[in-house]
Every structure is written in C-alpha cells, then in structure tokens.
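Welcome, and thanks for taking a look at this one with me. Below are some numbered notes to read alongside the structure.

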Amino acid sequence: MFYREAGDFKVSYADDSQTFPIKFDRYRYYVVLAVAFGLIPFLINDYWANAILLPFLIYSIAAIGLNILVGYCGQVSLGTGGFMAVGAYACYKLMTAFPEVSMFIHVILAGGITAIVCVLFGLPSLRIKGFYLAVATLAAQFFLVWLFNRVPWFYNYSASGQINAPERDTFGIIITGPNAPAWATYLFCLIFLAVCALIARNLTRGTVGRTWMAIRDMDIAAEIIGVNPLKAKLTAFAVSGFFIGISGALFFAVYLGAVEVGEAFGIQKSFLVLFMVILGGLGSIFGSFAGAAFLVLLPVILKVVGVDLLNWPTDIVAHFQLVIVGALIIVFLIAEPHGMAQLWRVAKEKLRLWPFPH
Amino acid sequence: MKKTLTTLALGAAMAAGPAMADLVFPDLSYRTGPYAAGGIPFSDGYNDYFTLLNERDGGIGGVKAKVVECETGYNTEKGVECYESTKGQGALIYQPLSTGITYQLIPKVTADNIPLHTMGYGRTSAANGEVFSHVFNYPANYWNGASGVVNYLLEANGGDISGKKISLVYHNSAYGKEPIRTLEELSKKHGFELVALPVDHPGQEQKSQWLQIRRDRPDYVVMWGWGVMNQVAIQEAANIRFPMENFIGVWWSGAEHDVMPAGDKADGYKAVTFHNVGRDFPVFDDIQKYVVDAGKAAGAGDQVGNVLYNRGMYAAMLAAEAAKTAQEIHGTAEITPAMMRDGMEALVIDEAKMEALGMPNFGPSFNVSCENHGGPGLVGVTQWDAESKTWSLISDFKPSDTEVIGKLIEEDSAAYASENNIEPGCK
C-alpha cells in the first residue's frame, strides 16, 4: 500500500539509480538519520553510550569492513582482530606523537595505516583461496598481536604493556578520556559510521563493487571478461582494512580508553565480527548493521531480563548467553543462510505485494 | 527501559514512606570463563561478608549493605558495561578483581568521583595517592609481592642469591608484566639472573615454556599466573619433575583449586600472600551461623575458608571498615561515594580492630593516608601440603624492599601524571 514503486515518478537518470528507489525507504532512511543525529544526542547518558550505542556503532563499522572483504569479494578473513589492533595502535601512536591534531585526522590516518597493512597481508590472496586464505589471515591475526605485545615502541615503553588513550579533542570538544561527554563520543562515532556506510554502499553499487562481486562469484570467469584480479582483490583488502582500522581506533580511543592487545583484539574478536557478518547477512550493508546490533544487544538484553528482572544468578545467565548465541548461529545457518538481511529483503518483498499477495 | 523501571521503583519506595537507601557495593565478579576458578571463591567471600554484616549487625552503621553482582567474565568490555550499569545505583566502591578492567576504570572513577580498591592487583603505582586520588591498593601490591619473593629466596639462601637463575612464568597481559620491572631492578641489586617466559591468555598452552625451563634448569621458578594457567603450570612443573619447593607463585597463583589437579605432585608448592590462610578465625563461626547455616551463602556455599574466599572476605571487610570510617567522619549513615573515598583515605586498621572483627592476626595493621594509598606491603609465604590439603604460613609477614619499590612507584606515577596533566598533591 505505502511500500511500492507505483506513483513515484523518476524524471532523471540520477533519480532512477538512487540508493533507495522506493519513497517509503527513502523517508525511513531520513527519519533514522534525523533521530540518530538530532534526537539521541539529547537523550543519551553514560550507560546508553558506553554499554550499548558505542559498541554498536563501532562494531557496525568493523562488520561493514569485513563484509566488503568476505561478503562482497569472497575473500575469507580471520584477521579482523589483528587489523583492529593495527588501527588502535596506529591511533595511539599518532595521538601521543601529535597531541594538538584533531581526533578526526588521527582516526582517518589510523584507517589508512591499517589499509596498507591489510593489503600486505592480502597479497597471498592472489595465489590462495578459501580455507587456505583463512589460514593466512589467521597468521596475520597472531603475528600482529604478538608484534604489539613484543615491541615496546608500540606501547610507548609503558610498564604494563597497555595503551591508554589520553584526553584529546576535536574542534575544542573532548572526544577521548574519562571527561568526554556521552553525546560527543556518540556523535563522533556516528559520523564515522554514517560516512563509512555511505562510502561502502556506493562503492558496492559501482564499478569497484561489481568487480569484487565478479571475483567472488567466479574468479576465472571474471578474469576472462576483463576484471583484473590483482586490482579487485587488493582494493577489497584496502577498503576493508580502512574501515576495520577506523573501528579499531574508535574501539580503543573512544570506547574503552585502555586496551591490552591480547585481550581486546584476540582471535575471539575476529570470530565475533565474522559472526556478525554471517548472522547479519553476507554481502549486505544492512546485514552488517543488523548483525552488529544483534550481537551487541543480545548479551545486554539477556542480562537485563535474567539478572535484573528474574533475579537469576549471574553465572547462569552468562552460560545461557553462550548457549543462545550458539543455537542461534546454527539455526540461522540452517534456516536462513543469507542472514537477517535476507529476512528484511523478504519482508520488503511481501510489503510490496501487500495487501494482495499472489 | 531499565532506568525507567528503577526510577519507578524508587518513586514507589519514596511514596510509600521514608525508606533508608542501601549502601551499594557492586561486585564485578566472574563466575564463568577460564578465570572463574579464582573469581568464584573471591566473589562468594565478598558477598558472604556483607550478608554477615546485614544479618548479624543489621548492616553498616544501621544501613543495610546491598551487593549488586555483575558478571564480567574477566573481559574488559563487559567490565565497562557493568561499571556503567551499576554506577547509577549509587555504587560506593569498585573492586573489579582484574588488572585489565582496573586500567580501564582508573580514569573513569576519578572523573565520576567513586573510589576504586584494587587489593593486591591493578596498577601498582596507584599507591601514590597524590597522583591517583581515587585509587587504593592497600595493603600490598604486585611490586611488594615480587620483592617479597626475592626476600624469601634471600632468606633461604643465607642472604646471597647472586649467580642464581630465576625464571618468571607470567601471564602475557598487563597483570603478568607488572612485576617484571621490579624483578629486573632487584636482579641488578642482588645479582641473580632473570629469565621471563610469557604465557598467552588463557594459559592452557605451556609446553614450550616448561621445555625451556627444563633446558635452562633455573634454581627457582616464580609464577605470575591466574585462572586456568596456574593449574596447567603446576601440572607441567610436576611433569618435568621440577622441585616444587623451588616453585613460588604470587598470591593469585596460590589457592586450593590451583594445586588440587596435580594431586600429590603439587606437594611443597609455595605462594606469597598478604593475609592469613585457613578458617581458624572466630569470624568463620559467625559466617557459618548467620550465613551458611541460614542458607544465605553466595554461590554453592562450598568455598568458605579457601584462600581466595578469605581474600574476598578481607576485601569486603576493608570496604565495610572504610564505610564505617566515612560514616564517622561525615556524621551520616548514608554516605556517598565521595564520602567513601574520604573514609578509605582515613582508614586505620589495627590489631584491636581486627580482634574485634573476629580476625586476629588475619592481616597487617596499617594506616592509609593521602600520600600512601598502598599500605605497608608486608608479604608472607604459604606452602601447600598435599596430604592434609591445606595451605599453611611458613614465613611470617615481612616488609618488602621499599627502597627499590618506592623509586619505581615515584617514576611510574609521575609518568601517569604527566600523560594525563595531573597536578600531584593532596587536596
């Protein structure tokens, strides 16, 4: 009824190829943006920012980054944790070396450094595929964590080997450190997420994204029709690394404030982001959001329901969470291999036909 | 949602009549994951002591104590979530039992004006209260522990350990790296050779480290481990037939569950400690009577008297005493976190007080001051007897090398102060 193309006349090619061709979708998108930018900053408090929204925003960026690599280009990566660590340590080194520079620049530079590292570790992808590539990226994960533990220069020779985010600002507003207001940290991450999602969405709709998908679907066929695999794979690694680096930098500087590489960026982080991508939906930007929201919110909701409302012992709830997440992953893999994004797609398809389904 | 519910509940309570607010003590515990073996007894002890105060004395200064438990799984992200969700409930003091979470919370609690007590863990240089206004680590810290180990070895060797070889097996994290600096200084001072062997989280994989120890044949092995790492290390030491009496753990590597899996082979393993062991104290009779027998024990209730249970109880006792001190200073029973901080800074623990609490000779006597948040740093040594399955104190609480440690604390806290633009001083 309200969700359909009919009556929405496109009069130019630009209109015809816009991101959201359906009017309802378009307005929904504007409303989400308006609420996220215009409303939430006024209502947010420390709990909502640090326990729910910041992790959601930051993991969304990481999931979009990994989705470009795994979902769009078909290159399996288990090195996400290590690449996030590169972003975090790059950001830390920049923050401490150039305290007067704006945080925006630090985070973007951290993303750039991660992109370079990611491309380096992506080079083997030209020779190996599938599981073998997963093992190669796994090596990256362990090597990077080992490196940041081993070389004191990365953590400025501190006694504990931890890195701590000093207080830094942008345009005079404190972004990192304990005195940063909740709305500022939230908006800072939100701006990065919004821009990253916009870039990712448009890249995947354009030539670059199409070459990625061609490589994913069948690399030999893609090569025959003129796709350069070197360029396609390495751009995917670079863009993916850039996003993951940004998320790592934000994760350390804005969200946690102090990080220990083995604990925060270990192999379990790689798996967590991979689960987000798989549960959310491979090859879908919306899926990255859905997966991140799901895995960030689920433990919090279970805790609120189990501990605060039902007064169950905390350990039982924590164990239940493992059981539920594990069960959900299996259920999704069997019932809906394309993830939550597919559910959303099906729902939209149904909406288009409603109220007169075939 | 949760906030609104709490507000509603609060509103209802206010409307119903003048209800006294509880004194809230959050317990950032971990009963799951690879570190649960240590987290469970500590949390049980912490909970049970407050239950005892509520049941026996009707709370602290007439106000009931309320322990809000939050599962962190020894994970820093969950630790942050727990901190944010409990601080709004009027949390008086945080004791996260994790060095990683401590590092996270140090700047946060200082900004939020809530005290943080990291007893025997956390950032060692927090002992300098002029820089770390809201962080306390009395009665002892890691560097006291490291120095305590070396002092014990000196004593065992007639005051000379030059030329000896000591291997440090440590958890490769902020926690495990903490003692290295002190041990390096001490190795220079006393002329022993130090070999550091990191073990990665969670610590089940230690074959290569122990192979190296077997090859190196060190005179002593010192361990800075936690969780499942301890059990594996002690088993591995038994496998290579390393003499257990030359194997010394820090206080986080010396509890029943660490040595039990290795059975008889763990006999003679040693660990340093900053409080007494066993359940031969009057306070345990009260816990048995008011808490365990009344069916109010936390967890499974089977940990009473264990090393880490005692430590959790000791932590709760110090928190409760600080709350009492704060009530006296400010003349009100319902204290705020800021008052709690004052109470901690003015805390006086003497033997008469310990006696009255049913814990004679359980821990050291000390006075906390603004300059010294670290306490006296007295370190004792315990040894495991596999036959009777008990830990016993084999060396009494002795002072550590304050000359070396004091200088290191000064250096490290000055570095923190300059990094964070803190003007050291007492307000």
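**Notes on chain B and its partner**

1. Let's start with the fold as a whole. Of the contacts in chain B with a separation of 6 or more, 71% are between residues 24 or more positions apart; two residues are in contact if their C-beta atoms, placed from the backbone, lie within 7 Å.

2. A word on what you are viewing. This is a predicted model, in which local features need pLDDT of at least 70 and side-chain atom pairs count only at pLDDT 80 or more, while totals for chains, interfaces and linings use all residues. Residues are numbered from 1 along each chain as its sequence is written, and chains are lettered from A and ligands numbered from 1 in the order in which they are written.

3. Now the overall dimensions. Along the principal axes, the C-alpha atoms of chain B fill a box of roughly 70 × 50 × 45 Å. Of the 427 residues in chain B, 57% are buried. A residue counts as buried if 20 or more other C-beta atoms lie within 10 Å of its own, exposed if 12 or fewer, and partly exposed in between, with C-beta atoms placed from the backbone.

4. Chain B holds 15 helices and 13 strands. Helices (H or I, at least four residues) and strands (E, at least two) are DSSP runs, numbered from the N terminus.

5. Look next for the open sheet of seven strands in chain B, which has mixed pairing and the order 6-5-7-8-9-12-13; strands pair if DSSP finds at least two bridges between them. Strand 6 (193-199) and strand 13 (390-399) of chain B stand at the edges with a single partner strand each, so one side of each has no neighbour in the sheet.

6. Strand 8 (residues 247-249) pairs with strand 9 (residues 270-273) of chain B in the parallel sense over two bridges, and B:Gly249 stands opposite B:Ala271. With strand 12 (residues 378-385) of chain B, strand 9 runs antiparallel, joined by four bridges; here B:Val272 stands opposite B:Val381. Both faces of strand 9 of chain B are covered: B:Lys270 and B:Val272 are buried on one side, B:Ala271 and B:Thr273 on the other.

7. How enclosed is helix 9 of chain B? Nine of its 12 residues are buried, so helix 9 of chain B is largely enclosed by the rest of the structure. Among them are B:Val228, B:Met229 and B:Ala238. Just after helix 9 of chain B, B:Arg241 takes a positive phi of about 55°.

8. Finally, the meeting of the two chains. In all, 30 residues of chain A are in contact with 32 residues of chain B. Helix 14 of chain A gives the most to the side of chain A that touches chain B, with five residues. From chain B, B:Ala111 touches A:Pro178 and A:Asn179, not counting residues up to four places away in sequence. B:Ala111 is found in helix 4 (residues 99-112) of chain B and is partly exposed, with 13 other C-beta atoms within 10 Å.
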